Amino acid sequence: MFGALGRLVSRHPWYVIGVWVVLAVVVITTAPALQSTSDQSEFLPDHYESIKAATLQADEFPGAVTPAAILVFERKDGKELTADDQAAVGEITTELGPKLGTETFVPTIFTTDATGQPNVSGDGLVQIAIVGLAEGATGFDTQAIDDGKDLREDLKPLVDGTDLKVQSTGSVLQGLDSQESTEQTMAIVGGATIVLIIVLLAIIFRSVIICLMPIVVVTIVSMVATGLIAWANDMFDLKADSSIQVILIVVLYGIGTDYILFFLFRYRERMRQGAETRAAVTHALERAGEAIASAGGAVIVAFMALVLSSLSIFRAIGPALAIAVAVTLLAALTLVPAVVTLLGKALFWPSRKWREEPTGSRFGRIGDAVGRRPVAFVGASGAVLAALAVFALGFNASFDFNSSLPKDVESTEGLTTFQEHFAAGASEPVPVLLSVEEGTTLDDAQLESFRSALADAHGVDEAYPGWRPRTGAPTSSP
């Protein structure tokens, strides 16, 4: 089968390349943008208690204010806020409110707590203002990110000329900083991966064209795969994590280069034996095609197994990576042989060493040593792996989204300032919803008794009084 495919590709390389170019153009121009979200609740099953509570809160408290951004004000000199400073905060938020619009943020900025007192820390050094999330907004979509940028641009000039400085944090601004951090990470990871591939291929083949081939091929594959993944996410309502694009870079360049090397080693081997280009391409695909297809198939099946997970983050990542591997596999079996057919011996330029059969003496000696003393090598390699595995014992998973952000971004610095002067959980108070049987209601005494007991619970710094929805059934207390 792979021999027949090799003959087809080597006879019609321009047609194969043309099909790939057309496919890339169609996918790039028509596929939707690959959207990702940092809202971790998007990845949890509906039967989890937190998701049930969030759904109940949205149904029964549609007017409840969900913090979308937190503005942290403090004096530039680090001294205690004066009455004039607090008044300036009020003026700044009053002027900022109408500029926010209503798509992501509510125009009214809250500068007092649930008791009506100014949101000033106990030491008097910091005052905060809460920007609520508009009804119907998620706070994690593209519009929210754009509104977050506008908020910061509108806020900074309002503080100029005062003794105050301000930092913005909260879910929307953390999402903004996460997106910018991801873009920087993609640039760093992509650059480092490309450099590593070029260096390794230069050492192995000493060919300029071979060094560049994986970069060009994987770039085309990446654009096609990204478009197909976006289509699949839209069709099956899958939620992509913000890290998916970084993972795609590593996976595509890794397996793409691997599959290309499978083919090139066989092609070079046949060319050394004096075969002409088309015959060498057919032979290489016949010999390496099965290994490439079986390796790719195993990876695709492994990634698709993630659809069995109860967490939608894995159900989205699994098919996404499977699609990327499938496109890479198809390119390795068709596009790469077609390009190699056209290049022929020029593929190895400027090196002439490809004509010489390597002795492989170094690896031959290693193989002989392993054959003579297999038990010793097993023990030594096992000891090294065991020593490395010890570090896994100290691994502690973190569920703090902000911990994944760099320390020097504004949202992290603002949250750090906030937590130094307020309770750690005050930036994201946990709503607790109470419900009773139909036909009954909770009276004020019961609500206060529950609030008092909740305030004494381990890990709770403060419990605010609850409020009732319009229906009068459930109630909530953050």
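Leu71 stands opposite Ser168 in strand β5. Strand β2 (residues 67–75) and β5 pair in the antiparallel sense over six bridges; two strands pair if DSSP finds at least two bridges between them. Helices (H or I, at least four residues) and strands (E, at least two) are DSSP runs, numbered from the N terminus. The model is predicted: local features need pLDDT of at least 70, and side-chain atom pairs count only at pLDDT 80 or more, while totals for chains, interfaces and linings use all residues. Residues are numbered from 1 along each chain as its sequence is written, and side-chain values use heavy atoms, leaving out hydrogens and water.

Five of the six residues of β5 (residues 164–169) are buried. Buried means under 20% relative accessible area, exposed over 50%, and partly exposed in between (1.4 Å probe, protein chains only).

| Class in α4 | Residues |
|---|---|
| Buried | Asp85, Ala88, Val89, Ile92, Thr93, Leu96 |
| Exposed | Ala83, Asp84, Glu91, Thr94 |

An α-helix has 3.6 residues a turn, so residues three or four places apart point the same way. The buried residues of α4 pack against elements including β2 and β5.

Tyr253 lies in helix α8 (residues 244–272) and counts as buried because its relative accessibility is 11%. Its C-alpha atom is separated by 7.4 Å from that of Thr193, 60 residues apart along the chain.

Methods
Contact = heavy atoms within 4.5 Å.
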